[in-house]
Amino acid sequence: MAPSLTKEKRMSQAITYERIDDIAVLIAQNPPVNALGLEVRKGLQAGIERAEAEGARAVLIYGDGRTYFAGADIREFGQPMLAPGLPELCARIEASPLIVVSSMHGTALGGGLEVALSSHYRIAVPSAQMGLPEVNLGILPGAGGTQRLPRVAGTETALAMITTGRPIRAAEALDKGIIDRIAEGAPREIGLAYARELLETGAPRRPVCDMPAPQGLDFDTRYDALLKKNRGQLSPATALRAVQAACEADSFDAGMLREGELFTELMDSDQRLGMIHAFFSERAVSKLPELKGVAPRPLAAIGVIGGGTMGAGIATAALLSGLTVTLLEMTEQAAVAAKDRIVGNLQGALKRGKISADQFEALTTQALILATDYSALAQADLVIEAVFEEMSVKKTVFAQLDAVCKPGAILATNTSYLDVDEIAAVTKRPEDVIGLHFFSPAHVMKLLEVVVADKTAIDVVATSFALGKMLGKITVRAGVCDGFIGNRILATYRSCADHMILDGASPYQIDKAMTGFGFAMGPFEVADLAGLDIGWAVRKRLAPTQDPRERVPSFPDKLCEDGNFGQKTGKGYYVYEAGKRGGTPNPDVPGLIEANRAELGLTPRDFSDEEITRRYMCAMVNEAAKVVGEGIARRPLDVDMTLLFGYGFPRYRGGPLKWADIQGLAGILNDINVYAKEDAFFWQAAPLLQQLVAEGRSFEDLNRENS
Ligand code: T1G
């Protein structure tokens, strides 16, 4: 007998109600990701109440479009939560006398999985993913996830999912008892079939809140380990305390109360502000108003010139994204060495399960082509030059490319500092020239700076952003200046660190202070990793045009003159022993510093970690404000994403300019003016910073005005 269908009715703007025989169906329609905003919550609550009032025997909840609920509506954060709140809605769903079934597809995340866990039965399509990623937003699951998930999946599984935020696939969720069934088909059909079966078999309601409290474990040890592992990010360790409450509280409701307290604590934290800013900024950074409606040029086959670490990394990233790569080297031997590097990178991807053995075979034998003659690049859609960082070498390469590449091919340079306009000028097609600044290792680091030169055509910019998306990069638009966005700001906060050393601090104290701030590595550990010879080459290049008022230490050069380039030579600011992680302070360094101070007649003084951090961050913010003020970066969020994805800036602080807003710009400007009394040349306050303080505005205001 055909099911009888009651005419559908919208319970709210985002939820549609249907009745199919004994089953009330609640369909979420809140694109793009069915976020659990107010209208969705109201609609679900009204739908449950209507189903009960109209004598339905079961309720099916599913999402239209690409996914089941992907969580609370993050845009509502920071505003007063309007009723029904998510915790109350989940309690209402769970308490319903009817059987409630959730049918999941796409990404059931955060509040979405919490709604499913408050349902009595859960079914999913095989490709569905589910998780509680709230810690990645600086918060924790606040609608019962920390209380219900450990009850259905056990404490260990719940802790792993909640403190990492990592989603799992349906098969694992079934194995862990998080869902009851996997079925092929559309969420509506599999959901209806499952609900009918449950009714026909007289399946009972199964509120998770009635399940026994989960098994406890040594939470204190885990808490400390989480704090250490997350370098000061609070949400994972705090979320652990909420799961602990699920195990130790006298009742489910008492556990929910504790979850709510901890949730509010994190919601009111600066870290939540930083991480939400990062969430929306990493999505906004590649959306440029000027690219609206601009069609990218075709992109199927690219060329890479230079097969060193950088070139090999770029080629690897391109191969992994499905592009054909012709790698040009000067000699057969160099080309073979480059291939070995690329094959090594791809073997890593194979080991991590990112590609299959067949894909590995195809990439290394078909998609990658080696060449030693420029003519091999004649048909490439885009060529990326990654040769030695020397202007004359770059110009020679671009003159050759100009001669051989087809009309419409994009000629890109991977320079880290050099003037892209000057490079473009050696070609007859400067409109086709652009900077594509990758970060080492290029197949791992997420950041790509697209450096737009004066004559670069807009569709070349659009194609570069399309390439960034293909490669899975966070792509940031930068203007031309020495070091573009990231390296220019790096040079400034590194100088600030060197100045503090001349005045009494030590490289090791500075590294400790900045790892305490949340960086994975301090500036001197990073310098040793990147190679001290790179900074040395930059200092030599800039020395002829240096302003005599600039404080320039000599100890870094002395270190290099002695052949100490960091990890690659086993010695730099630290000494590295083979097979050992990290280094130990190089005993020669203090002597070099003392000699430099004596040379300059400087008497060292003590620095606290707080002062070191404050000066370091003020230098970073001040230079970043100049970069935005000059239009090298379009918006402050462009700088924040550059530092997050290219320079290890702690995500939970949102980026240097978000940090500055949270700290208060007036205080930062005041400190800069105080420091300027010691060194008026270095500490010249950025005009934009002065303007924002004078107008009582913030960097966030600029983000809003320019998005
Ligand atoms: N709220 C509001 N907007 C959202 C959103 C959300 N939860 N998720 C995505 N968007 C927007 C996003 O900004 C973008 O907008 C568009 O949707 C497409 O997203 C109590 C409080 C779901 C895996 O953390 O991880 O529940 O840029 O580009 O790559 O415990 O979005 O087009 O204008 O990312 O396919 C927990 C966050 C919330 C999931 C899809 N949930 N979202 O990825 O598309 S906290 C999350 C994602 C919570 C409760 C707590 C991803 C995605 P625009 P997109 P995608």
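I take contact to mean heavy atoms within 4.5 Å. Helices (H or I, at least four residues) and strands (E, at least two) are DSSP runs, numbered from the N terminus. Axes are lines fitted to C-alpha atoms, for helices over the stretch in contact, and angles run from 0 to 180 degrees between N-to-C directions.

This is a predicted model: local features need pLDDT of at least 70, side-chain atom pairs count only at pLDDT 80 or more, and totals for chains, interfaces and linings use all residues. Residues are numbered from 1 along each chain as its sequence is written, and side-chain values use heavy atoms, leaving out hydrogens and water.

**Entry 1**

Eight strands form an open, mixed sheet, ordered 13-12-11-14-15-16-17-18. Two strands pair if DSSP finds at least two bridges between them. Strand 13 (368-371) and strand 18 (474-478) each have a single partner strand, so one side of each lacks a neighbour in the sheet.

I then checked strand 17 (residues 447-451). It runs parallel to strand 18, joined by five bridges. Glu449 stands opposite Val476 in strand 18.

**Entry 1: a helix on the sheet**

I found helix 14 (residues 357-367) lying across strand 12 (324-328) and strand 13. Helix 14 runs at about 30 degrees to strand 13.

**Entry 2: the core**

A nonpolar core is a set of buried (under 20% relative accessible area, 1.4 Å probe, protein chains only) Ala, Val, Leu, Ile, Met, Phe, Trp, Tyr and Cys residues joined through side-chain atoms within 4.5 Å. The largest has 98 residues, and Val639 and Phe699 have the most contacts inside it. Helix 24 (residues 609-629) gives the most, with 11 residues.

Note on methods. Buried means under 20% relative accessible area, exposed over 50%, partly exposed in between (1.4 Å probe, protein chains only).
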